[in-house]
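User: I have a model open and would like to learn how to read its packing. Can we go through it feature by feature?

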Amino acid sequence: CIEPITMATSLARNLIARAAKRTSHQLSRSSIPSSNPANTSLFALSNTRWFSSYPPHEVVGMPSLSPTMESGSISAWNVEEGATFQAGDVICSVETDKATVDFEAQDEGVVAKIIAAAGSGKINCGTPIMVTVEDEGDVAAFKDFVAESAEPAAAEAPPAEAAPAAAPTPAPAAAVPTPPPAAAATAAPTGERIFASPRAHTLAKEKGYGEISALRIVGTGPGGRIVAQDVLDYDPSTAPAVAAEPVAAAAAAAAPVAAAPAARLPEPVAGPGYTDYSLPASALELASRLHTSKQNVPHYYLTIDLTLDSLLALRSNLNSTMKLDESDGGITVNDLLMKAAAAAMKTVPAANASWMDSFVRVYDSVDINVVVGNGSSLFAPVIRDVGRKGLKAVSDDVATVTSVVEGEEGSDPTTVPGFGDVGTFTMVNLGAFGVKSCAPIIREPQACALALGVIENRIVPNDNAESEEIYKESVMMTATLSCDHRVVDGAVGAQWLSAFKNHVENPVTLLL
């Protein structure tokens, strides 16, 4: 009888000593201030309550990595269950509304259980994300560990709080008579501003998808935000199928949708000496894109003068042959200039490219975004594969997108599938406003943008050796090419402009 009593006494003493040592260690640790306030202590956020059925452990909650952070999502775990970590090790990467931040440990320990998987979506600060222990031998006991119901975990949240988490489920898509992948692809609101994490933007470029706004990804993050896992799950073979269709077919198929009235903007608000006007979502999205492009892209500009006499003569001959004019669907000067730009891309393919951070991608197809409209109704629909199309096909596609923009008042062109896609090149013609030249902002991930000025009669030197006149009158235009110096250096940009000028001034080459 004495031996069992002695063993029980020894076990009790060991447990008391271990608890005292742990309490002393926690007190000494809490008395030392953190040297890195940006990285919250791994243990300061933990729930140190021990459950009787588990060895001593700590339940670590989602850290608040900034003064304004209320929630975040885990983009990647840098440790696995059973792994040992030291002070300063990066436990995981947390995506916030503003940046992706590393969550560093400020003490040693062992990961016993990862509760929140990477890419699981929005997690409120303080919600359990993992369990740590001090002894590796205790890890196995947490194989089936589940956070207590008092924690705001998504799996055990009250019904009132479960509604936002259930929003990304496919229940609304069931009402759309399309297969699930197509429903997901078309559900992306092209007319609204796209919210995505910095990691998602980087992944989209690394995978060669280009701008996220052109991918029609349905975000699973908070408020529909696109997170990194959404980009990883993106299937290009199904999602962009609508965008790859010809513009005319897409506009015709979506005619009932295009006629849908746009959301009514709030009335202007008058103040002392000023008036505030609300902007539609499409204008805000365009402003955001241009702002980002101007910051990220090293722009430089090249300008050249073009003689349009031969181009105008060819246009007149083609339209008279087809017995058409511009009002009846005839070929316009802008159509010919678009075709000349596509032909120049064939001569200098290095300009039809994108910067992809670690490499340059050169495209086979010349997809041109043509800027139409003005003010809050400014859009840049894409005309696809201009290089392989005939002049009449290009003219018809431009007429189609223009009719969508200039359609019924109150309609929203951004509801047309493919209307907000990004091509490989952008053209803007400001001649209608009397502007002689313009230096356009490049639209990422494109490498070039071309601006065309007003068509005007100019007095130029006479190049006809048989003429007695020193000068002659000629129809001319100024064109300015904006280039991304990371992709198109000065020599390549000059070669492209030279090829463009050759096709414009010798327009018969556009018929080949």
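User: What share of the 512 residues in the chain is buried?

Analyst: First, the ground rules. This is a predicted model: local features need pLDDT of at least 70, side-chain atom pairs count only at pLDDT 80 or more, and totals for chains, interfaces and linings use all residues. Residues are numbered from 1 along each chain as its sequence is written, and side-chain values use heavy atoms, with hydrogens and water left out. Buried means under 20% relative accessible area, with a 1.4 Å probe and protein chains only. By that cut-off, 41% of the 512 residues are buried.

User: Which secondary structure elements does the chain have?

Analyst: Elements are DSSP runs numbered from the N terminus: helices are H or I with at least four residues, strands are E with at least two. This chain has twelve helices and 20 strands.

User: How do I read a nonpolar core, and which residues have the most contacts inside the largest one?

Analyst: In soluble globular proteins, nonpolar side chains tend to be buried together. A core here is a set of buried Ala, Val, Leu, Ile, Met, Phe, Trp, Tyr and Cys residues joined through side-chain atoms within 4.5 Å. The largest has 54 residues, and F425, W496 and F500 have the most contacts inside it. Helix α10 gives the largest share of this core, ten residues. Another core, of 19 residues, lies apart from it and includes M62 and F85.

User: What is F425 in contact with, leaving aside neighbours within four places in sequence?

Analyst: Contact means heavy atoms within 4.5 Å. The partners of F425 include A341, M345, I368, L481 and W496. D367, N369 and Q446 are also among them.

User: Now helix packing. At what angle do α9 and α10 cross?

Analyst: Two packed helices are described by the angle between their axes and the distance between the axes. Axes are lines fitted to C-alpha atoms over the stretch in contact, and angles run from 0 to 180 degrees between N-to-C directions. Helix α9 (residues 309–322) and helix α10 (residues 333–347) cross at roughly 115°, with axes that come within 10 Å. L311, L312, L314 and R315 of α9 meet V333, L336 and L337 of α10.

User: Which residues make the contact of α10 with α11?

Analyst: The axes of α10 and α11 (residues 391–405) come within 9 Å and cross at roughly 120°. D335, L336, M338 and K339 of α10 touch L391, V394, S395 and V398 of α11.

Technical notes:
Buried < 20%, exposed > 50% of the residue type's maximum accessible area, 1.4 Å probe, protein only.
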